[in-house]
Amino acid sequence: MEPRNFDGAADRPRSAGAKQTGRVLVIGPYLRARAAGADAQSESHVQRDAEARLDEAAGLARAIDLVIADAIIAPISQIRPATYIGKGKVEEIAALAKSLDVELVVMDCALAPIQQRNLEKELQAKVLDRTGLILEIFGRRAKTKEGSLQVELAHLNYQRSRLVRSWTHLERQRGGFGFMGGPGETQIEADRRLIQERITKLESELKKVQATRRLHRAGRQRVPYRVVALVGYTNAGKSTLFNRLTRADVQAADMLFATLDPTLRALNLPHGGKAMLSDTVGFISNLPTQLVAAFRATLEEVLEADVILHVRDISHEDAEAQQSDVDAVLRQLGINPDDSGRIIEVWNKIDRYDAEQREELLNIAARRPADHPAMLVSAVSGEGIDALLATIEERLAAKRTTLDLSIDAADGAGISWLHRNSEVLAKELRDGRFDMTVRVDETKRDIVMRRFDAVPQAS
């Protein structure tokens, strides 16, 4: 459905159809350009096109099988404390919602609890803001126990501030008997207490998850496998690229947040080495802080990764803005997005370009600094995958030392230790000794040199 600009113009005639379950009206209450430049809340959206933002919001709604009755841009000059948008816009949207007979109005912004309550009262429909919508998607998509715990924690933290209603069961109840009892606990207070108890329990369970992940990482560090993590904007093609690189069958779909739960698979490198490839949850603009905090256990795989592939949908009209959003989340996690030694930009979906456009992209990539390359690939067709694998291997090798050594063939324990703790590049038996070339992590370099009298290869 084409988004319309709802700026006071007369609405087109409509037919009042039968009520349909899940019908939703999507509203894009975006600050006009002159106001956006002065508003701190809109700083991350200055580069974004309003129609692209609304289309993304509609895509989020469709991701949980909602039927889009209409999608409307409602430009505003300032944010109103009571309802986010002005009184006139509220009345227009209320009339439209009534004529469309919708059950839900999605506001593509972050609403304060009082703003959400006031809008529900005025629009006579359930109102969901961007944060709530993303939480709904995550709630449906999380399949593992860990993912479900993280989503529930984020949802409870979000819901705790929204226990604001006018129903009679939330009125204050008296404690004790007759008139002597003092005021008791309100229903809201009781609900908040129960939510807080559940949050505390979830946080405790997630600490166990983090401890388990630390054990798994420690186990991986005892073997020569390094970790490569995929990050990127949702629907940039991370899972498709993951499947292409590892020949796995992770769900991949042209849909926002198609996959949530982290996945690890072995990645075979061109010269026989191996690494572990991690697929993580996609990022999005205005990613709720509750989710960044709740999914920290999952995102620790990114924090610990030796190489990070920033997968970009280079064919998207808002590709530059999406890159800024991903960079912002990486900074939240304590990762420098400009760390060229660790992060590789992957320009995905080049199959959507014709030959002339592809040549232009290659020229743009060629003009980038040597320490900030851009790898052009198509996860669908496989174009550029070999070059990407070679670059990954080169980056991983740069963080490791290559050593030459000679070891007695009878030293089975030593040979076994080398196979477990290093990457054996060459091994040849000569006169009862194995001449070996191994590549080791810097943490084990000194151990190998002392134990086996190894010599670093000349660079």
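**View 1. Helices H5 and H6 pack against each other.** Helices are DSSP runs (H or I, at least four residues) numbered from the N terminus. From H5, residues including Leu135 and Phe138 meet Val151, Ala154, His155 and Tyr158 of H6; contact means heavy atoms within 4.5 Å.

This is a predicted model, where local features need pLDDT of at least 70 and side-chain atom pairs count only at pLDDT 80 or more. Residues are numbered from 1 along each chain as its sequence is written.

**View 2. Helix H3 has a buried side.** In H3, Lys89, Val90, Ile93, Ala94, Leu96, Ala97 and Leu100 are buried (under 20% relative accessible area, 1.4 Å probe, protein chains only; exposed is over 50%). They cover an arc of only 170° around the axis, so they sit on the same side of H3; the arc is that of the directions from the helix axis to the C-beta atoms. On the other side, Lys87 and Lys98 are exposed. After H3 comes Asp101, with a positive phi near 55°.

View 3. Leu123 lies in H4 (residues 113–123) and counts as buried because its relative accessibility is 6%. Leaving aside residues up to four places away in sequence, Leu123 touches Val90, Ile93, Ala94 and Val105.

Note on methods: Side-chain values use heavy atoms; hydrogens and water are left out. Helices (H or I, at least four residues) and strands (E, at least two) are DSSP runs, numbered from the N terminus.
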